[in-house]
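This report describes the architecture and the packing of a single chain. Please view the structure below before reading on.

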Amino acid sequence: MDLEAKSRRDTVHFFSIPERKEGTDVRAYLRNLLPELTGLAFSLALEFQRAHRIGPIYKADSGMLCTIIACFLRHEQACQGITAARAQGLDSMEGNAIRVAADFSLETNEKQREYLALRPQLRDMNIKFGLFELARM
């Protein structure tokens, strides 16, 4: 599980992108989109190991939304992008609430869902809580 999680840590999902906005070059589209939406000036040029859309391609005027998945070349840029996107709430693209999320394994997603279900109970009992990464040898 640790190896899979570490291999996915630079991968980011961009949800609710209007159909066919990315054109033929998804990497170039993301290089322009991220600074525009987050307001960040990245010190180094944004580079991706790979970037592509997920799902079928529809007509541009269909009103459909697509998901783009990108694997950043630099971990720091992936973290900066996710942090800035969450802080600002990316909703400036044609009225669509664009969401940005890190890529996690199925097992990690299931554990997060279980944890989210417990949070209201812990809050009611006035117990401090948080997620901590365990050190492993």
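Are F48 and F72 buried or exposed? Both residues are buried, in what is a predicted model, and the sections below place them in their surroundings.

## Overall architecture

The secondary structure of the chain amounts to four helices and four strands, and, read from the N terminus, these elements follow one another as α-β-α-β-β-α-β-α. Of the 137 residues in the chain, 32% count as buried. When contacts between residues at least 6 apart in sequence are considered, 69% of them join residues that are at least 24 apart.

## The sheet and the helix across it

The four strands make up an open sheet with the order β2-β3-β1-β4, in which the pairing is antiparallel. Its edges are formed by β2 (48-54) and β4 (99-102), each of which pairs on one side only, and neighbouring strands are turned against each other by 20° on average, with direction ignored. Within this sheet, strand β1, covering residues 11-18, and strand β3, covering residues 65-72, are paired in the antiparallel sense over six bridges; V12 has A70 in β3 as its bridge partner.

Helix α2, made of residues 26-38, lies across β1, β2 and β3, and it runs at about 95° to β2.

## The nonpolar core

The largest nonpolar core has 22 residues, and those with the most contacts inside it are V12, F14, I17, L30, I68 and F72. Two or more residues are given to this core by each of β1, α2, β2, β3 and α3, and the element that gives the most is α2, with six residues.

L30, one of the residues with the most contacts inside the core, lies within the range of helix α2 (residues 26-38). Leaving aside residues up to four places away in sequence, L30 touches F14, P35, L46, F48, A51, I68 and A70.

## Aromatic rings and a charge

The structure holds one aromatic pair. The rings of F48 and F72 have centres 4.9 Å apart and planes at 55°, so the pair counts as tilted. Because F48 belongs to strand β2 and F72 to strand β3, the pair ties together parts that are 24 residues apart in sequence.

Another ring, that of F15, has the charged end of R99 sitting over it, at 4.5 Å from the ring centre.

## Two buried residues in their surroundings

T67 is found in strand β3, and its relative accessibility of 17% falls under the 20% limit, so this residue counts as buried. With residues up to four places away in sequence not counted, T67 touches H13, F14, F15, H52, R53 and I54.

A84 has its place in helix α3, which covers residues 75-88. Although A84 and G39 are 45 residues apart in sequence, their C-alpha atoms are 8.1 Å apart in space. A84 also touches T38 and L40, again not counting residues up to four places away in sequence.

Terms used: Residues are numbered from 1 along each chain as its sequence is written. This is a predicted model: local features need pLDDT of at least 70, side-chain atom pairs count only at pLDDT 80 or more; totals for chains, interfaces and linings use all residues. Side-chain values use heavy atoms; hydrogens and water are left out. Two strands pair if DSSP finds at least two bridges between them. Axes are lines fitted to C-alpha atoms, for helices over the stretch in contact, and angles run from 0 to 180 degrees between N-to-C directions. Contact means heavy atoms within 4.5 Å. Rings of Phe, Tyr and Trp (its six-membered ring) pair if their centres lie within 6.5 Å; planes under 30 degrees apart count as stacked, over 60 as edge-to-face and the rest as tilted. Buried means under 20% relative accessible area, exposed over 50%, partly exposed in between (1.4 Å probe, protein chains only). A charge sits over a ring if NZ of Lys or CZ of Arg is within 6 Å of the ring centre and within 35 degrees of the ring normal. A nonpolar core is a set of buried Ala, Val, Leu, Ile, Met, Phe, Trp, Tyr and Cys residues joined through side-chain atoms within 4.5 Å.
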